[in-house]
Amino acid sequence: MNFQELNVNETIIKALEKQKITTPTLVQEKVYQHILDNKDLIVQSETGSGKTLAYLMPLFEKYKELEKTNKVIILVPTYELAMQVQKQVQLLAENAGIGMKVAAIFGKVKIDRQVERLKEKPQIIVGTADRIHELIKMKKIAAHNVKTIVLDEADKLLDKKNRDKVKEVIKCTMRDRQLLFFSASIPSAIIKEASEMSKEALVVKSEEKQTIPKNIEHLYLLCEPRAKIETFRKVARINKGKKVMVFVNGQFEVEETTQKLQYHGFKAACIYGKEDKRMRQKAIEDFRNDKINYLVATDIAARGLHFDGVDTVFHISIPEEPMDYLHRAGRTGRNEMKGRSILIATKEELPRLKSYQKAFGINFVAKKMYEGKLVRG
């Protein structure tokens, strides 16, 4: 199927062509008309499948008449994802010649500048639930005019940490508004939660089973817990990755790993949840623009953030859940490029690798270092 067969507006088709997007993905095909028909949807589609455009294309079509009021709220779990969605809205609007305005709203920054932005009456507001709810209570966001709410990374937004604030935002809008839940993984408990919040929501899955691209090679090396960072550093030198993401769990480990990489001459930076937003954004842009080639991160970077050309993903901390491994490993191997996912594991963590193998039908190859090379372990 092509965009014409989906009845996508010609100006939007031409805008997508400027981004070198010429064919809809499966999830885009499945949801386009449903969103135009004002259906509530619960959408599960794998990482990298084009979920952001899947909801933006029909929303542009629905609200392109440009009535100057808040029409769409897009809720996201992180600042980084808010900025990424905002950029995509701006790019689509500019390339299509549609004056759609967007404002990114998130906490832990001065609220005054965000209030000023909202005076322009953007049609699309994207951001975190806590700050958006605060601005609704201040009557700076016209919640009664909102026609569609999107929950991007719905499983995160409906977890114990975020659920209450998300519900507060939804309660502030009219009952006939449209709810769209999007995520790479939506467990049955989340489907139940979303169904209770919406009106006869349709569940749409672009693939029945979560998969990891076959062009990703999965390797692991065993070491003692205290030797993980040093083992990783040595493997990184052997691997010679050009664009590498490194996952660890805590702030201290992120900073320690980054400092060791920098000390040994690697161009590296880091991002984690409590870091200054400007520093996080600089690290992201430097990595995106190849000014650095190692980005060390907590799982905040595993979801939502998309980088072209990542050839290797390292896991110094091994994720507990298979879906977390899916999200991390999915940062590489995009656009049919070959990718590597390398785990620095202990013997006690091997059962987790077996759970990934069972969940995704993949095979891990044991490796060890020998005379400056990675050989079978």
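Visitor: What makes E2 and strand E4 (residues 124-127) a pair?

Guide: In this predicted model, E2 and E4 are joined in the parallel sense over 4 bridges. Pairing requires at least two bridges, so the two strands count as paired. One of the contacts sets Ile74 against its bridge partner Val126 in E4.

Visitor: How do you know that E2 also pairs with strand E5 (residues 148-152)?

Guide: Here too there are 4 bridges, in the parallel sense, and the requirement is at least two. Val72 stands opposite Thr148 in E5.

Visitor: Why are both faces of strand E2 (residues 72-75) called covered?

Guide: Val72 and Ile74 on one side are buried, as are Ile73 and Leu75 on the other. Buried means under 20% relative accessible area, so residues below that cut-off lie on both faces of E2.

Visitor: Why are strands E3 (102-105) and E7 (202-205) said to stand at the edges?

Guide: The open sheet has 7 strands in the order E3-E4-E2-E5-E6-E1-E7, with parallel pairing. E3 and E7 each have a single partner strand, so one side of each lacks a neighbour in the sheet. From one strand to the next, the twist averages 15°.

Visitor: What makes strand E14 (residues 364-370) and strand E15 (residues 373-376) a pair, and in which sense?

Guide: They share 4 bridges in the antiparallel sense, against a requirement of at least two. Met369 has Leu374 in E15 as its bridge partner. E14 and E15 form a hairpin with 2 residues between them, and Glu371 in the turn has a positive phi of about 50°.

Definitions and conventions:
Residues numbered from 1 in each chain as written. Predicted model: local features only at pLDDT ≥ 70, side-chain atom pairs only at ≥ 80, totals over all residues. Heavy atoms only, no water. Axes fitted to C-alpha atoms, helices over the stretch in contact; angles between N-to-C directions. Buried < 20%, exposed > 50% of the residue type's maximum accessible area, 1.4 Å probe, protein only.
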